[in-house]
Each structure stands twice: as C-alpha cells, then as structure tokens.
Amino acid sequence: MDPSKDIGSYGYGSVAWKERMESWKQKQERLHQARNDGGKDWNGDGDDADLPLMDEARQPLSRKVPIPSSLINPYRMIIVIRLVIVCLFFHYRVMHPVHDAFVLWLISVICEIWFAMSWILDQFPKWFPIERETYLDRLTLRFDKEGQPSQLAPVDFFVSTVDPAKEPPLVTANTILSILAVDYPVDKLSCYVSDDGAAMLTFEGLSETSEFAKKWVPFCKKYSIEPRAPEWYFQQKIDYLKDKVVPNFVRDRRAMKREYEEFKIRINALVAKAQKVPEEGWTMQDGTPWPGNNVRDHPGMIQVFLGQSGGLDVEGNELPRLVYVSREKRPGYNHHKKAGAMNALVRVSAVLTNAPYMLNLDCDHYVNNSKAVKEAMCFMMDPLVGKKVCYVQFPQRFDSIDRHDRYANKNVVFFDINMKGLDGIQGPIYVGTGCVFRRQALYGYDAPKTKKPPSRTCNCWPKCFSRRKKINHLRMHSVKLTKQLS
C-alpha cells in the first residue's frame, strides 16, 4: 500500500472487499478440512492452486506435541500418592523422636528431609513433558526454494579434541566427515577443529580427512545415505540395496568402501609414526620445527584446509570450510581447558565466517541425521518464536551398547524423560555437546560484522606522510588483527 493514498481507494471496507474476505475464509476452511480428511476430498478450482503452497509457507516451522493424557496422568497419580506417603512418613518421624539417641535421630531426619526435597525437585520437570515436531517442508518453502539462492542462516561447527592418544584420529575424522556431508548449503557451513594439544598427528590426520572428504561428501549426497560417518555406515548390518534403485550404487559403494579402507590405513600409519617422537621434536615438510612441540608454550596456529579458495570435490563442486585451530598457550596462564578452547573458536570464527549460529560437538560424536541442522533452524529461524530461542539441545544416542542396555548407558531416562520435562517448563539444560547456540546469546548483544583486514587503501592512509610512518601504520594494524585471532 502507498501511504500517500487513501485506504478507501484500495476498496477496504467495501462490499467487494468483504466478498474477497469471505471467499478467502471459505478457502481456508476447505483447506483445513482437506488436511483433516487426508486430502481425499480436496476439489480446489484454478484459483486455489497456489493456496496450499502459500499457506504452508506462512505456517510455524515447529509445534509442541503434548504427551497424551492416558500416558501422563497415571504417572502423575503415582507422584501424588508417593508425596502423600512421604508426608505421612515425616509426620510419624517428627512426632516420634528417639530420646535415647536424639542427635543421631536429628541427623537422620535432616538427611531424610534433604533426600525428600531432592526427590520433589526431580519430579517437577516430569510433571509436564512435551515433544516437539518440526516441518522441514515449510522451512524449504520459506528459506530454501529450488532454483533460488538459499536464505538459510550460516552455521559454524565446533569440534574439540585434545590428546590423539586418548581420542583416536580415526574417530575424529568420522565426526568431521559427518559434518561436511550434512544436508545444508555448502557455502553456509563451516567446520572448525580445535586441537588443544597442538599435536602434529591431529594436523596430519585432518589433512588426510580433507582429501578423503572430496570423495566421501559427493557420494553421500548423490545416494542420500545415512548415517554419513563412514565407519558406522559400513558397519551397519542391513540390506544396503533396500530402496536403492540407482544402477551404479553397488559399484560406487564398493569403490568407496575400498577408498575408506585405504584411508584408514593411512591414518593408522600416522598413528604408528607418532608413537616415536624425535628428540629434536617434529618438523614440517619445509624443514621448520612444528610450532606445537612444546604443548604448554606455543603460538596460535590456524590452517584452512577447505574453503572458497579451493578444495573442490571430485565432481567439481564446492565443499564446506574446514579450519584447523590450535590456540596460543603460554606458561603461567589459566587456559580453562575446553571452555577456553570454545572461546578461542568463537573469536576465530567471528573473524573468518561470523555465522549467527554455532553447533559444538565432541570429537567422538558424529551427526547421525544429515537434516539435523535444518531441524535446529526450524526453531532458530521461526519468525514467531525464533528470537526467543537461545539454543537447541540435541539428545545423544549411543552405538555399540548391548541390546538390553542393562547398565543404562543410553541415558534414556535423562534424554527422553528429564530433558523433555524440562522443556515443558522452561527449557532443557546444556549438556556440553550437540547444541546449536545463537551467537548473539553468547555475546550478550547483537555483535557487529567483522571489519575487513586493513590494506594499503585504508581510510587513514593519507595521514601517514613518510614511508616509515606508513610501515609503522601497517604494523599497528597487523598487531591488532593478531590480538583478535589470539
């Protein structure tokens, strides 16, 4: 509408306007009725052809799915019964003190009250559990339409590792490969690997991983395989020909499995080589010493393996960014271990990509659903509730556990009951990994975009008159940039 024109010129409030509104309401009712009936009785005319598409694009990207009353109400009744029994128990304990051992009785009652309060606090989250459902088709209609530039928000992945002896490089490689192969626009995806141990084995393993990713990523996207961590994909005892009608799939799968076996041999050779550390320390290919020979005293290291400047896959397509980061370490400073490494990745990513969302993973956790990032974006990019969401916590699922889970290693109660209960009252807690953060929430304010590095054509260049002043000017800007990266 043109604000300079009278609103009456558009027909607002006229008979024609009311007829259009009534027609639109009738179409909406027919559309909802068709959805409830499964789409069997939908007889839309030519004017209604685009209505379902437009309506889907305007709908929320996620919704809450409450637990059925037939399932949750019996559990609530049990909680109330237990609470009544606990109250009767404490009434008896307080009204019948033990005078012969009053101190022991008092200590016992205090401990029992403490345990009872802990139990009550544990029951609050379980009172109102919820589940959430996302609509990836609506997200696609709104932000990722085919034939148009994707409007999905960029995401930075953070992978943290310390000691390659305790965290095998092959496991870390599978984590990185599952990230690079996720179903998300490659120009909006970046993976940062934090090597807090400054190990040359991790650096060389990451180099081998980047080369293998040029073959693995197009294979995953071509045949839509799941999961996209090669170690776990090739270990699946299922019929991999099921629902695969592409004639070349069997041949390509065998070739890729052979490539992965060779990749494992190269990684294991690097591990065997790293068992014997030279007396003078490791040296790089150009003959210079490895900067991380002293784990507690070394400069910061940043190496971009894959990115916009190169690193295309075997089909000539662009791959997501892959960046190696080892933060600076100096003796006498508290580096705060994993928290400090994450802070360093936040600062480095802010300079290189500055994505509005960040997802952190441990080196032994892989992405078992290629659409997981889009699932998170259904909450983060929702126009109605997205601004109120600080982070999205994914549950953890564990492999190589016995069928009956007799030792409760899957943490089913924590992830499937407690976390859903906390989501029902305020929100789940952050468990340290598998979480998508909003960068603005970590900064505390909407951070400005990173300025470009200074060049010879900076704004204050005319103020530098002599050649020596110009050199000092460039050095000053270089020092500022270095401080940002460190």
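Predicted model: local features only at pLDDT ≥ 70, side-chain atom pairs only at ≥ 80, totals over all residues.
## Overall make-up

The protein chain contains 14 helices and nine strands, and of its 486 residues 36% count as buried. Among contacts with a separation of 6 or more, 73% are between residues 24 or more positions apart. The accessible surface of the chain amounts to about 30,400 Å², and carbon and sulfur atoms contribute 57% of that area.

Helix α11 is largely enclosed by the rest of the structure, because eight of its nine residues are buried. The buried residues in this helix are Ala372, Val373, Lys374, Ala376, Met377, Cys378, Phe379 and Met380, so that a lysine side chain belongs to the enclosed set.

The side chain of Lys374 forms a salt bridge with that of Asp144, with an N to O distance of 3.8 Å. This pair links distant parts of the chain, since Asp144 sits in the loop between α5 (136-143) and β3 (155-161) whereas Lys374 belongs to helix α11, 230 residues apart. Both Asp144 and Lys374 are buried.

## Other salt bridges

The structure holds 22 salt bridges in total. In one of them, Lys338 pairs with Asp362, and the closest N and O atoms are 2.7 Å apart. Because Lys338 lies in helix α10 (residues 337-352) and Asp362 in strand β7 (residues 357-362), the pair ties together parts that are 24 residues apart in sequence. Lys338 is partly exposed, its relative accessible area being 34%. Elsewhere, salt bridges that share partners join Asp144, Asp183, Lys371 and Lys374 into one network.

Another salt bridge is formed by Glu328 and Arg330, whose closest N and O atoms are 2.8 Å apart. Glu328 is partly exposed at a relative accessible area of 31%, and Arg330 is likewise partly exposed, at 32%.

Asp382 is located in the loop between α11 (372-380) and β8 (391-393). Although Asp382 is buried, it has no salt bridge, and the nearest side chain of opposite charge, that of Arg142, is 5.1 Å away.

When residues up to four places away in sequence are not counted, Asp382 touches Pro60, Leu61, Ser62, Met377 and Lys387.

## A nonpolar patch on the surface

On the surface, Val80, Val84, Leu88, Trp127, Phe128 and Ile425 form a nonpolar patch, which together has about 570 Å² of accessible area. Helix α3 (residues 69-95) provides the largest share of this patch, with three residues. An α-helix has 3.6 residues a turn, so residues three or four places apart point the same way.

Leu88 is found in helix α3, and because its relative accessibility is 59%, it counts as exposed.

Terms used. Residues numbered from 1 in each chain as written. Heavy atoms only, no water. Patch = residues over 30% accessible without salt bridge, like charges linked within 9 Å, V, L, I, M, F, W, Y side chains within 5 Å. Areas by Shrake-Rupley, 256 points an atom, 1.4 Å probe, with all protein chains shown as cover. Salt bridge = Lys/Arg side-chain N within 4 Å of Asp/Glu carboxyl O. Helix = DSSP H or I, 4+ residues; strand = E, 2+ residues; numbered from the N terminus. Buried < 20%, exposed > 50% of the residue type's maximum accessible area, 1.4 Å probe, protein only. Lys, Arg positive; Asp, Glu negative; His and termini not counted. Contact = heavy atoms within 4.5 Å.
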